[in-house]
Amino acid sequence: MVGRADEGSWTAALSGTRCRIDVDGAGRYGWRLIAPNGRVVAVSATTFGDHGSCAAAFASLCAGHAEMTGGVQHTPDGNGWVWLLRDADGRAAAVSGRAYERHSTCRAAQRRFRSLLAEPAVGGHG
């Protein structure tokens with residue numbers, strides 16, 4: 001599980017990866033996982049009505065990602081590949097932060113994402 005750092009950020013202990021919770025113009029919350037190099041690794045597949053629900057969804061993802069199903073599919077425009085993870089009810093929980101040119105690279109990125117969620121964590125500032 002990734003540890004809570006402050007109101008909107010978590011930091012993984014080993015990797016320097018952090019999770020940010022943002023609010024959009026409509027007042028909805030979504031999380032994004034950011035690598036140490038600043039690249040967005042993954043984003044929430046849905047938005048939430050409040051900060052607490054978004055944080056709980058990310059914590060649930062961290063705790064249960066190993067049991068989630070996943071897949072790689074074409075982008076909506078068919079010009080690349082994205083990965084996603086689905087919860088037990090079949091709802092998308094997380095999606096790749098970008099499209100990949102190659103199917104194999106996209107699959108590898110999904111495996112790396114899962115490994116980031118499995119790392120032990122401590123609080124820190126993102």
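Helices here are DSSP runs of H or I of at least four residues, numbered from the N terminus. With that in hand, welcome to this predicted model.

Start by selecting residues 103-118, which make up helix H2, and pick out Arg111 within this helix.

Next, show Arg32 and Asp22. These two form a salt bridge, and their closest N and O atoms are 2.4 Å apart. Arg32 sits in strand S4 (residues 29-34) and Asp22 in strand S3 (residues 18-23), so the pair ties together parts 10 residues apart in sequence. The model has three salt bridges in its count.

Finally, color by pLDDT. The chain has a mean of 83, with 82% of its residues at 70 or more. Select residues 1-7, where pLDDT is below 50 and the model has 27 contacts beyond near neighbours in sequence. Then try residues 120-126: pLDDT stays under 50 there too, with 24 contacts beyond four places in sequence. Where pLDDT is low, the predicted coordinates should not be read in detail.

Key. Residues numbered from 1 in each chain as written. Predicted model: local features only at pLDDT ≥ 70, side-chain atom pairs only at ≥ 80, totals over all residues. Heavy atoms only, no water. Helix = DSSP H or I, 4+ residues; strand = E, 2+ residues; numbered from the N terminus. pLDDT = per-residue confidence, 0-100. Contact = heavy atoms within 4.5 Å. Salt bridge = Lys/Arg side-chain N within 4 Å of Asp/Glu carboxyl O.
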